[in-house]
Structure formats: C-alpha cells, structure tokens
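Subject: Structure for you to look over

Dear colleague,

My notes on what was found follow below.

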Amino acid sequence: MLKTNQFRFTPPTHSILAFKQALVELEQEGGPQKRYERYSNNHEIVRKGLLSIGFKELVPHEEQSKIINSYFYPNDENFNFEDFYKRLSDKGMVIYPGKMSKASCFRIGSIGALYAEDMQQLVQLIVQILRDMNVKIPIQY
C-alpha cells in the first residue's frame with residue numbers, strides 16, 4: 001500500500017467510509033473533549049438516578065470510567081434480571097449482564113448516539129419497571 005497506494009486485496013470500502021463518517025461526526029460535535037463531556041454527563045445522569053433509588057455500584061466512583069458502569073442486582077425476591085432486561089429491551093433500552101465478575105450485577109453504557117434525554121428516559125423506565133415487578137424502592141441490600 002505504501003509503494004502503490006493500492007490495497008493488496010479488495011479494499012474494505014464500507015469500513016473506510018464508516019471511519020470517515022465517524023471522524024466527520026466527531027468534528028461536528030466539537031472534537032474528542034466535547035464527546036468525552038457528553039459521555040461523562042450521560043454517565044452521571046444514570047449514576048445519580050440509580051443511586052437516588054438505592055442501587056449500589058460495583059466499582060467505586062473514583063475508579064469508574066465514563067463509558068460503562070456496573071450496578072448490583074437488588075436483594076429483592078421479586079427482582080429477576082432476565083425479566084428486567086426483557087422489559088427494558090421491549091421499551092427500546094438495552095443494558096448488559098454483568099459478565100465481568102462473579103458479582104450479580106448489570107452494566108449500563110454511556111457512549112454512542114446517546115444523549116442526556118436518553119439517559120433520563122432510561123432511569124425513568126428502570127424505576128417504572130422495578131415498580132411493575134414489585135421490587136421495593138428504595139432498593140434493599
């Protein structure tokens with residue numbers, strides 16, 4: 001490629017165009033610092049919202065990244081992660097099982113095409129779904 005400016009095999013045009021578009025969108029947002037600020041804001045909206053109803057975090061605040069955070073399952077006989085996950089998914093919100101440790105927890109990402117309104121809606125749906133599942137709020141441990 002360096003000598004001929006040609007790919008040796010079929011060029012990955014879709015990947016090249018997707019990367020180009022990602023760079024355009026990053027620039028439109030104001031660059032990496034502005035993107036990081038949005039991710040940080042998303043993270044804090046969810047964090048504060050879930051802490052306000054009693055959730056506990058797996059990772060101490062000072063060690064958290066701003067792109068994903070883990071929360072322990074409530075210690076409530078009515079809480080079932082598969083049901084919780086499906087109900088959120090049915091409303092267009094996807095969270096992740098906490099597969100990174102042996103702890104019973106789930107993870108919430110703060111990156112991508114997500115904005116403050118999305119994160120606020122997620123917190124509201126979590127509260128609504130927990131109530132629908134008859135999980136006691138504030139969350140008990």
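Which elements each supply at least two residues of the lining of the largest pocket? Please keep in mind while looking that this is a predicted model. The elements in question are strand β3, residues 105-109, and helix α4, residues 116-132, and of the contributions to this lining that of α4 is the greatest, at three residues. The largest pocket holds about 220 Å³ of space, and among the 13 residues that line it, those closest to its centre are Val 94, Tyr 96, Gly 109, Ile 111 and Leu 114. By residue class, the lining of this pocket comprises 10 nonpolar residues, two polar ones and one charged one.

Strand β3 also has a place in the sheet, which is open and consists of three strands in the order β1-β3-β2, with antiparallel pairing. At the edges are β1, covering residues 68-72, and β2, covering residues 96-97, each of which pairs on one side only. In general, the strands of a sheet pair through backbone hydrogen bonds, and they may do so in a parallel or an antiparallel manner. Here β2 and β3 run antiparallel and are joined by two bridges, and within this part of the sheet Pro 97 stands opposite Phe 106 of β3.

Turning to the helices, α1 (residues 13-29) packs with α2 (residues 32-52) at an angle of about 80°, and their axes are 7 Å apart. Since angles of 65 to 115 degrees count as roughly perpendicular, the two helices α1 and α2 are therefore roughly perpendicular to each other.

The peptide bond that joins Ile 137 and Pro 138 is cis, with omega at about 10°, and Pro 138 belongs to the segment after α4. In the segment before α1 lies Asn 5, a residue that has a positive phi of about 60° although it is not a glycine.

With best wishes

Definitions and conventions. Residues numbered from 1 in each chain as written. Predicted model: local features only at pLDDT ≥ 70, side-chain atom pairs only at ≥ 80, totals over all residues. Heavy atoms only, no water. 1 Å grid on protein atoms, 1.4 Å probe; cavity = no way out; pocket = protein on both sides within 12 Å on 5 of 7 lines; lining within 4 Å. Points joined across faces, edges and corners; volume = space filled by probe spheres on them. Helix = DSSP H or I, 4+ residues; strand = E, 2+ residues; numbered from the N terminus. Nonpolar A, V, L, I, M, F, W, Y, C, P; charged D, E, K, R; others polar. Pairing = 2+ DSSP bridges. Axes fitted to C-alpha atoms, helices over the stretch in contact; angles between N-to-C directions. Parallel < 35°, antiparallel > 145°, perpendicular 65-115°, else oblique.
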